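New notebook page. I'm jotting down what I looked up as I went through this one.

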Amino acid sequence: MSNNFNYYTPTRVVFGKGTEEQTGALVKAQGCRKVLLHYGSGSARKTGLLDRIEKSLQEAGIAYVELGGVVPNPRLSLVYQGIALCRKEGVDFILAVGGGSVIDSAKAIGYGVVNEGDVWELYDRKKQATGCLPIGVVLTIAAAGSEMSSSCVITKDEGGVKRGYASDYCRARFAIMNPELTTTLPDYQTACGCTDILMHTMERYFTNGGHMELTDSIAEGLMRTVLRNAEILRDHPDDYEARAEIMWAGSLSHNDLTGCGIQEKDFASHALEHEIGGMFDVAHGAGLAAVWGSWARYVYMNCLDRFEMFALRVMEVEPGRDAQETALRGIEAMEAFYRRIGMPTSLRELGIAPTDEQLVELARNCSIASGGKKGSAKVLQEADMLAIYRASL
């Protein structure tokens, strides 16, 4: 049985080759006075993308200031710098040029400018946002889906605490999506992105408490598309059509289209990875792949019908003797896919070897960040989280 739902996607998508040339016109249509041009660590400049965007802004008569330096697992310290710069310069619009890390950093800056007090209090669950500076996006990495989502994740420099916050205030006004811009990515980063896209869909798919046939079909089709095109990009990284499929899938995987009608999202794998990313600063997609198999084997009996359906419809495995065997075949097939695209399926393959003391700390922090429990396929408490971390070694 499906549940009531609200579906809100206000972001205007401008998709295709050369669409970054429209940046100035799209920003001008927002009626802003001054823009913060926010980007990462240099690739946007090296490829000439920033030069083209700056030219487009100049031709549209848009004043702007710049702040680069965003890194994977975006840091709170740079967010503070951005807030101060925006207030000093009178910025009233933020243009994020990059992937999920840049977009999330832009959202956090937007929150910090509009809301009084320390912006970290939003991520620390101590207060709620009342607004956000408007955001626009020129997307360069297909992965996080932040260009159409209500969420953002920031890492506090002290202690490596990684936390997320969500509200409709931060949804981008527009997202420019040219798949050609993703062709400069390293293969590993492309694979991490594909993994994150799949995971955003699975976090809504492996749930209890009601579903819709149409939503399931959309989610299954999206996952099959990503599985197929991720392997195409492994062998042919310049394939535009595969890039386009993956980029569009990234947006649809995290704008809640694949969650319409479900009772509650799962997002336990994300919660588990956030603590790993905060402590060890690993690539998000790779961290997700490293814990997913252990999570799946821990919870699948509590959500057996969904895992069986996934195995048959998405991974297209041969049915086993019973639902349990079929479900396990599906989990094994997904792990085999991760390996084929160069993703890890354990923490050691990820390149880290946490001590048991660190695993206990990860579980404790994951429980705290989740308000004591997390999940829908199976509701996880701190002891469950620790068991999954241990199994992930």
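Is tyrosine 123 buried or exposed? I found it buried, at 1% relative accessibility. I keep in mind that this is a predicted model.

**Entry 1: the neighbour of that tyrosine.** I looked at tryptophan 120 next, and it is buried too, with a relative accessible area of 6%. Both residues belong to helix 6 (residues 120-123), and being three residues apart there, they are separated by about one helical turn. I then checked the two rings: their centres are 5.8 Å apart and their planes stand at 20°, so tryptophan 120 and tyrosine 123 make a stacked pair.

**Entry 2: other aromatic pairs.** I got 17 aromatic pairs for the structure. One of them joins phenylalanine 15 and tryptophan 248, edge-to-face, at 6.1 Å centre to centre with 75° between the planes. Phenylalanine 15 is in strand 1 (residues 12-15) and tryptophan 248 in helix 9 (residues 240-253), so this pair ties together parts that are 233 residues apart in sequence. How accessible are the two? Phenylalanine 15 is partly exposed at 34%, and tryptophan 248 is partly exposed at 37%.

I also noted a cluster linked by ring pairs; among its members are Tyr205, Trp292, Phe307 and Tyr338.

**Entry 3: charges over rings.** Tyr205 turned up again here: arginine 306 lies over its face, 4.4 Å from the ring centre. In a second case, lysine 17 has its charged end over the ring of tyrosine 240, 4.5 Å from the centre.

**Entry 4: a buried glutamate.** Where is glutamate 54? I located it in helix 3 (residues 49-59). Its relative accessible area is 10%, and because buried means under 20%, glutamate 54 counts as buried. Leaving out residues up to four places away in sequence, it touches Leu37, Arg45, Tyr64 and Glu66.

**Entry 5: helix 15.** I checked its length. Which of its residues are buried? My list reads Leu359, Leu362, Ala363, Cys366 and Ser367. Seen down the axis, these buried residues fall within an arc of 130°, so they line one face of helix 15. They pack against helix 10 (268-280), helix 14 (347-350) and helix 16 (382-391). On the face turned away from the buried side, I saw the exposed residues Glu357 and Ile368.

Technical notes. Residues are numbered from 1 along each chain as its sequence is written. This is a predicted model: local features need pLDDT of at least 70, side-chain atom pairs count only at pLDDT 80 or more; totals for chains, interfaces and linings use all residues. Side-chain values use heavy atoms; hydrogens and water are left out. Helices (H or I, at least four residues) and strands (E, at least two) are DSSP runs, numbered from the N terminus. Buried means under 20% relative accessible area, exposed over 50%, partly exposed in between (1.4 Å probe, protein chains only). Contact means heavy atoms within 4.5 Å. Rings of Phe, Tyr and Trp (its six-membered ring) pair if their centres lie within 6.5 Å; planes under 30 degrees apart count as stacked, over 60 as edge-to-face and the rest as tilted. A charge sits over a ring if NZ of Lys or CZ of Arg is within 6 Å of the ring centre and within 35 degrees of the ring normal. The arc is that of the directions from the helix axis to the C-beta atoms.
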